[in-house]
Amino acid sequence: MSKNFIGLDTEKTQQLANSLNDLLSNYQIFYMNVRGYHWNIKGDNFFELHAKFEELYDDLLLKIDEIAERVLTLGHRPAHAYSTYIEKSEVPERKDVADGKDAVGNIVESFAKLIGKQRELLHLAGEADDEGTVALMSDYISQQEKTVWMYRSYLGQ
């Protein structure tokens, strides 16, 4: 087994980098969706949702950067073309969403996809003894589970 410059198995870090790039693609599409919700939201809850969506997209942007930097830390290149993001993302691109409940419903669905992918990465990183990725995914999952609960409560679920 060959090891990379941070002491991790090179074959396993390639798998991790591929999975992180897949996650990055999903985050990028989710980020753009939330920007659109922020810009286009209308209705009774405009002020509340406009602010919440800004808070969310700011957080997503930080995570996007952290994921890309984790790929680099593992010795690989982060995906950086929007065409790649569209091709790889399981989070669908949303257009012209102005209804708050639709936007929040889409957010809950997107988080479900992200959390699932992060759980897979958590397992893969654990098998590779990659504590850096384990810690990142663990933090994301615990934060996002609470966020999903709050958004679902808003929807009355």
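# Questions on contacts, burial and salt bridges

Me: What is Arg-70 in contact with, once its neighbours within four places in sequence are left aside?

Reply: With those neighbours set aside, Arg-70 is in contact with Ile-6, Leu-20, Asp-130, Gly-132, Thr-133 and Leu-136, where contact means heavy atoms within 4.5 Å. This is a predicted model, in which local features need pLDDT of at least 70, side-chain atom pairs count only at pLDDT 80 or more, and totals for chains, interfaces and linings use all residues. Residues are numbered from 1 along each chain as its sequence is written, and side-chain values use heavy atoms, leaving out hydrogens and water.

Me: Why does Arg-70 count as buried?

Reply: Arg-70, which lies in helix H2 (residues 46-73), has a relative accessibility of 14%. Buried means under 20% relative accessible area, exposed over 50%, and partly exposed in between (1.4 Å probe, protein chains only), so Arg-70 belongs to the buried class. Helices here are DSSP runs (H or I, at least four residues), numbered from the N terminus.

Me: What makes the pairing of the side chains of Arg-70 and Asp-130 a polar contact?

Reply: The two side chains are joined at 2.5 Å. A polar contact is a pair of N or O atoms within 3.5 Å; within protein, one must be able to donate a hydrogen and the other to accept it, and residues adjacent in sequence count only if both atoms are side-chain atoms. The 2.5 Å between Arg-70 and Asp-130 is therefore within the limit.

Me: Why is the pair of Asp-22 and Lys-117 called a salt bridge?

Reply: The closest N and O atoms of this pair are 2.7 Å apart, and a salt bridge is a side-chain nitrogen of Lys or Arg within 4 Å of a carboxyl oxygen of Asp or Glu, so the pair meets the definition.

Me: How far apart along helix H2 are Glu-55 and Lys-52?

Reply: They are three residues apart, which means a separation of about one helical turn. An α-helix has 3.6 residues a turn, so residues three or four places apart point the same way. The side chains of Glu-55 and Lys-52 meet in a salt bridge at 3.1 Å, N to O, and Lys-52, with a relative accessible area of 35%, is partly exposed.

Me: What kind of pair do the side chains of Glu-145 and Arg-119 form?

Reply: They meet in a salt bridge of 2.6 Å, N to O. The pair links distant parts of the chain, with Glu-145 in helix H5 and Arg-119 in helix H4, 26 residues apart. Glu-145 has a relative accessible area of 38% and is partly exposed, and Arg-119, at 43%, also counts as partly exposed.

Definitions and conventions. Helices (H or I, at least four residues) and strands (E, at least two) are DSSP runs, numbered from the N terminus.
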